[in-house]
Number of protein chains: 2
Amino acid sequence: MLRMLYGRIGVIRRPNAVFRLLYPISQMAHPNKWQQIQIHMSAVSSYPRCELTSVRYKVDRGKFSQVCQEDIDFFQNLLDCHRVILGESDLEGHNTDWLGMVRGASSVLLKPKTTEEVSAIMSYCNQRTLAVCPQGGNTGLVGGSVPVFDEIIISTSLMNEVENVDCLSGVVKCQSGCVLEALDQHVAEFGLMIPLDLGAKGSCHIGGNVSTNAGGLRVVRYGGLHGSVLGVEAVLASGEVIDCMSAMKKDNTGYDLKHLFIGSEGTLGIITKIAICCPPRPKAVNLAFLGLQTFEDVLHTFREAKAKLGEILSSCEFIDRSSMECVELNLKLKPPIDPHPFYMLIETSGSNSEHDEEKLNMFLEDSLGSGKVSDGTVACEPSRMLYIWGLRERIAEALIQEGYTYKYDISLPHKDFYRIVEDMRDRLGNSVTRCCGYGHIGDGNLHLNIVSKEFKKDILNLIEPKVYEWTAEVNGSISAEHGLGFKKRNFMHFSKSSNAIKLMKHMKMLLDPQGILNPYKVLPET
Amino acid sequence: MLRMLYGRIGVIRRPNAVFRLLYPISQMAHPNKWQQIQIHMSAVSSYPRCELTSVRYKVDRGKFSQVCQEDIDFFQNLLDCHRVILGESDLEGHNTDWLGMVRGASSVLLKPKTTEEVSAIMSYCNQRTLAVCPQGGNTGLVGGSVPVFDEIIISTSLMNEVENVDCLSGVVKCQSGCVLEALDQHVAEFGLMIPLDLGAKGSCHIGGNVSTNAGGLRVVRYGGLHGSVLGVEAVLASGEVIDCMSAMKKDNTGYDLKHLFIGSEGTLGIITKIAICCPPRPKAVNLAFLGLQTFEDVLHTFREAKAKLGEILSSCEFIDRSSMECVELNLKLKPPIDPHPFYMLIETSGSNSEHDEEKLNMFLEDSLGSGKVSDGTVACEPSRMLYIWGLRERIAEALIQEGYTYKYDISLPHKDFYRIVEDMRDRLGNSVTRCCGYGHIGDGNLHLNIVSKEFKKDILNLIEPKVYEWTAEVNGSISAEHGLGFKKRNFMHFSKSSNAIKLMKHMKMLLDPQGILNPYKVLPET
């Protein structure tokens, strides 16, 4: 068996020559097709309209003013009329998250084009004590990007200009409403890449990515946004503009205020512009899809990938059999190897294809030779890599089709990474239809997903707070990359000390004394 | 000429085999010798004792209490007696920076060992309104790490325990007083490296590095500390401990408070512990030393290095002829190639020596072939690389020997990078003995240094604010990596907007209402 497998991926000087394509091209995902599906789902959900968040979670409305005709007049005077959206049906996709799990009841959506317009809106809302909900592509998973009550939605969808690309330093400056994938395609013309990639790239906005400190598929190589974002311009609750739009890689002139806005989910300010440092676009990319028998083999293979692929390792992903079965069953996609308990996607990106292939070969030969990897295939042709990536990136979409998904995005020490999936599976038994795990093993970031036919409070109570207690016991993080938003805010204490939470509340008071910026989000209820 | 040079670095399959060592081993810098010299200079300066900072810069003392016997009793009770240092001579090296440019008059130095002791000290000082100056290795260049008046010095020198190294995730947790080089040697045993390297590594503390957001030689590869520091524990002015010691690569659970303490130079809190993500230690390192005729050639070569060396480029440094002459004259070191108007150091680090050498060869052959690089040599043997690095790292030390150095550490767009050196040289003429530039061209970070036999206010007035105005006009940063400390605080407005400065002051008020933490630093005088 081993020798045969050796033959399959042991001699991949030109990997595409031996790539085993098991399915006709016609069945392969079109580059943007599934992203288009996502957008469509977000705009016109085919699922039953979900309960209002305020009802399901019994939230009390904050002491904010309610929008009146005078306010509408002000907004229509400030913006063109068609940039003030009022109709309930036009707002439906903006009141509901794409998972169909949380729903607000806003009656006004504003589409500013400039920082000055955002500033004027905030200045007015602050005087009137009107609450607002900043919204990018509305692809969040924790209810952070939709209103809870009647907050005015401020969309960045028309703030999508690229200001400048500096080829030598690799820095791009743009407005916050640029769609991630479009921005990446733009910088590609200059030989650069945005150091961030995630499933929702076809619809998420870069401003939303920065506001939520999005992680994604390539943190293992390029690090997080606190490292790669060089400059931020943000509008405070008062309407004041904080201009920290440095395009310099190094700038130690006082407190680095931009970090206040990275990951604070629009509760401290609305990001209007961004400067990001982009690495050179790789000339060679290879993607290996591996099958493994045990989780110990997964950890061993990750360690070996770090050591042997070194500087060219650009992604290291993990999928368990249950997650893959869900994709096969609901999306009619098939993995290119026979069923295994665990799968890994290992991507390399580099500047010299021959060198990269040689490194990848050595790694794979050793992994197969040692028996730690029992089957695998390699792709370097774009459409084939896209197909394999689809198996990983479309899991969330596949899960939705089975009912209600209880989603957990946690960081764990590697030794505990998969144990929580097994423990929760034991705990939940037949009360749920699926309990699976996948995610960014390279970053210690697990996506634990549990499915039942419909939302049930009893099931939720079996899962929470157990999953958070479990995570806290091993010093993990209860939200790795999705943020806290609305749904996880009351669990912050599992990952943060009381002193830290107190300081966060003081910072919120300092920057937004009336609490009008994205209320009911991030900070725990008092 | 070109063909001969080709012969020198065109065929470096094994670079050490053709490395031309022009000087006997005995003249080569011993690994740690010059760092020991630095430490010695810091402790017992051979230069005339410099004027008190408060006198030279006409500073008014803040309304803080003065240390009395009761305070000493408290500290001696809290710490062992030998960890409360009182003698003037014992404090001299801690009251003066290593450049001999600023001098305070503290009479008490405390050496806590634990977070709890730092907390108890701060709680007491806050109640008594006693000002403090946190101090690491005291290797700063802007007067941030020494007192201005009689602030109590809190040294991290005894807080040097490494708590844990996680081989799989690459995360090291340690106290803030670990010396950078010692910490790097410690993680080397686990196949890791600290993603930070700078000239003062033999004496600087990791806590000081993080507090000042130190940059150094490898930012072009590994990014800055806001990216690689995962966790921080800090003690506030009140004595409260803020524990954000996550060791997870991803943690989006509320505002990321650690960034408040990275780069705020001890004015918002005292860093007591740190968690850093370390990359794998490279298996192969090569260092090229190049001579170039024009600055345009330098930019071209940087662009080509990024494109052709890609993921293995780990440092890209720049030295002008005047800087190199200073090293030759004062330290009796010689560059391994004939004099050139400009020099570059280009380092590669990777996981496969053959691949790296092949990439480097291709890059150098093209660079020589195009005439953009006119001479060069390559080293991969540690002592030889160390010698070449000495030429770059010891420039600051060489400059000191010529008198008083007016030091500027600025970020500039690449197109303007060297123009400021030429403009300042024209402006200053014979009033100064040297005006030179070197630094991290890969990060757009120039070290502009101007020397006169002794400090003269007239010369300072010719340089400042001109150098800051010049930098601001091209949207650069007036402090790239050194910070503002005492000496640059009043120039912050050249790089930051008034709204941003106002917000910084509010943050200082929030975290340290009495202003006892490192006063007279970072924030401009009101």
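In strand β3 (residues 132–135) of chain B, Val132(B) and Pro134(B) point one way while Cys133(B) and Gln135(B) point the other, and all are buried. Here, buried means under 20% relative accessible area, exposed means over 50%, and partly exposed is in between (1.4 Å probe, protein chains only). Strands (E, at least two residues) and helices (H or I, at least four) are DSSP runs, numbered from the N terminus.

This is a predicted model, where local features need pLDDT of at least 70, side-chain atom pairs count only at pLDDT 80 or more, and totals for chains, interfaces and linings use all residues. Residues are numbered from 1 along each chain as its sequence is written, chains are lettered from A in the order in which they are written, and side-chain values use heavy atoms, with hydrogens and water left out.

**How the two chains sit together**

- Turn chain B by 180°, with a shift of 0.0 Å along the axis, and it can be laid on chain A with an RMSD of 0.0 Å. That is the relation of a two-fold axis.
- In chain B, Gly227(B) has the C-alpha nearest the axis, 1.9 Å from it. The superposition is by least squares on the C-alpha atoms of residues with pLDDT of at least 70 in both copies.
- The copies meet through the same surface, since 100% of the interface residues of chain B are also interface residues in chain A.

**The sheet around β3 in chain B**

- β3(B) belongs to an open sheet of four strands, in the order β1-β2-β4-β3 (chain B), with mixed pairing. The edge strands are β1 (84–85) and β3 of chain B, each pairing on one side only.
- β3(B) pairs with strand β4 (residues 152–155) of chain B in the parallel sense, over four bridges; two strands count as paired if DSSP finds at least two bridges between them. Pro134(B) has Ile154(B) as its bridge partner in β4(B).

**Strand β7 in chain A**

- Seven of the seven residues of strand β7 (residues 229–235) of chain A are buried, so the strand is largely enclosed by the rest of the structure.
- Six bridges join β7(A) to strand β9 (residues 270–277) of chain A, and the two run antiparallel. Val235(A) stands opposite Ile270(A) in that pairing.
- Strand β8 (residues 241–244) of chain A also runs antiparallel to β7(A), with four bridges. Five residues lie between the strands in this hairpin, and Gly239(A) takes a positive phi near 95°.
- Val232(A) is in β7 and counts as buried at 1% relative accessibility. Its contacts (heavy atoms within 4.5 Å) include Val210(A), Ile242(A) and Phe261(A), leaving aside neighbours within four places in sequence.

**Two buried residues to look up**

- Thr115(B) is found in helix α7 (residues 115–128) of chain B and is buried, with a relative accessible area of 5%. Its side chain makes a polar contact with the side chain of Glu233(B) (2.5 Å).
- A polar contact is a pair of N or O atoms within 3.5 Å; within protein, one must be able to donate a hydrogen and the other to accept it, and residues adjacent in sequence count only if both atoms are side-chain atoms.
- Lys521(A) is buried yet has no salt bridge, and the nearest side chain of opposite charge, Glu151(A), is 4.6 Å away. For charge, Lys and Arg count as positive and Asp and Glu as negative, while His and the chain ends are not counted.
- The side chain of Lys521(A) does make a polar contact with the side chain of Asn518(A) (2.8 Å).

**Salt bridges**

- The structure holds 62 salt bridges over all chains. Each is a side-chain nitrogen of Lys or Arg within 4 Å of a carboxyl oxygen of Asp or Glu.
- One of them joins Lys496(B) and Asp251(A) (3.5 Å, N to O), and this pair crosses between chains. Lys496(B) is buried at 8% relative accessible area, and Asp251(A) is buried at 17%.
- Arg425(A) forms another with Asp320(A), the closest N and O atoms being 3.3 Å apart. Arg425(A) lies in helix α18 (residues 419–428) and Asp320(A) in strand β11 (residues 313–320) of chain A, so the pair ties together parts that are 105 residues apart in sequence.
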